Amino acid sequence: MSKLTAAISAVGSYVPKFVMTNEMLEKMVDTNDEWITARTGIKERRILKEEEGNGSSYLAIQAANDLLQKKNLDPTEIDLVIVATATPDSMVASTAAFVASEIGATNAFAYDLLAACSSFLFGMSTASSYIESGRYKKVLLIGADKMSSIINYKDRTTCIIFGDGAGAVLFEPNEEGLGLQDEYLRADGSGREFLGMEAGGSLLPATHETVDANQHYIFQEGKSVFKFAVSNMADVAEKIMVRNNLKNTDVSWLVPHQANKRIIDATANRMGLDSSKVLMNIQRYGNTTSATLPLLLADYENQLKKGDNLVFAAFGGGFTWGSIYLKWAYN
C-alpha cells in the first residue's frame, strides 16, 4: 500500500472590490508612487469597505464559497475548517467556527491559527497532518486577513504595504505521492519587538490611553524586519531544496509570501531560480498577510500542472518563518 499524503485538490479566492492605489496614498501620507514601487513592488491593494462586508470572516466565507462552487463540493463533507488569520473577527469567539457555520460545513470542527504572515504556511502543515493521520478526509484551509482594520493610515511605514483578501485550499488524501512532501518551519520570539501590535491582548488590554496612543495599530521596524526576512526566507527555501535533493531545474514554481518584491527576488536568487518561475501578485494586492499564498495559487491555478514541484516560503511577525515542498496534484 502506498504512503498516504495530503494534496491540494481545489482552490478559491476573494479580494474586495475597492482598489487603493499608490496615488491615493500620496494624498494621505508623505509618499509617492515611485518610492512605493521601487521599495516594495506594490502598485495597489484591495480594501474591504463596510458597504461590501465586515470582518475577516466575510472575506473567508467568500473565498470558501468560491472553492465550493468550483469544486462542486457539498460543504457537509468537510471534516475540519482552519482559518489562518492575524485579524480574527474578535478575540474570543472563533472566526473559523462562524465561517464553517455560514458556509454550511455543519459536520466540521473549526479553529483559528495565528502565526502572522506565516499563518497559512503553518496551516498547510497542520491540515496535512490531519489528512496523513487517516482520521479526516477533507480539510478546508482558509487564509484571510482584513489588514485595513489594524492599519494607521497616517503611518507610511505600514499603510503602503498591507491590503485585504482571502484564499482557500482543500486538502484531501492522495496515494500517488503528490501533495506535501517536506517542511522546514521556524520561530524566534525575540522578533516581536520589531513587528506586531502593542495593545489589545492580555499583555496590554485596551484602555482609553492605549487607543489615544495608537497602540492598536500594527507597527514595524522596517530595516530589522527586512534584514531578518531576506536572510531567513532565502535560508529555509534553500534548505528545503538541499534536504530533498532538488536542483533549481527541478523546482517548477516558487510560491513566496508577498511582503516585498526585493525579499521575493532575494529568495529566488538564493534558489537559483529565474523570475519566470516565481509566482507574484504583490503589485495588485500588496501584503494580505495570511492570504498571500492561497491568492497566488488561485491566480496561477491554470498554469500549475500535475506533478509540478512547488516550494513555498514565508516570513512573519513573531518572528515566524518556514518553507514547504509540495507536489501539485491536478491539472
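Author: Strands of a sheet pair through backbone hydrogen bonds, in either a parallel or an antiparallel way. Here β11 pairs with strand β12 (residues 309–316) in the parallel sense, over four bridges, where two strands count as paired if DSSP finds at least two bridges between them, and where helices (H or I, at least four residues) and strands (E, at least two) are DSSP runs numbered from the N terminus. This is a predicted model, in which local features need pLDDT of at least 70 and side-chain atom pairs count only at pLDDT 80 or more, while totals for chains, interfaces and linings use all residues. Residues are numbered from 1 along each chain as its sequence is written, and side-chain values use heavy atoms, with hydrogens and water left out.

Reader: Which residue in β12 is the bridge partner of Val255?

Author: The partner of Val255 is Phe312. Helix α9 (residues 261–271) packs on the sheet, touching β11 and β12, and its direction makes about 145° with that of β11, the axes being lines fitted to C-alpha atoms, for helices over the stretch in contact, with angles from 0 to 180 degrees between N-to-C directions.

Reader: Is Ile282 buried or exposed?

Author: Buried means under 20% relative accessible area, exposed over 50%, and partly exposed in between (1.4 Å probe, protein chains only). Ile282, which lies in helix α10 (residues 282–285), is buried because its relative accessible area is 0%. Leaving aside residues up to four places away in sequence, Ile282 touches several residues, including Thr40, Ile42 and Gln258, contact meaning heavy atoms within 4.5 Å.
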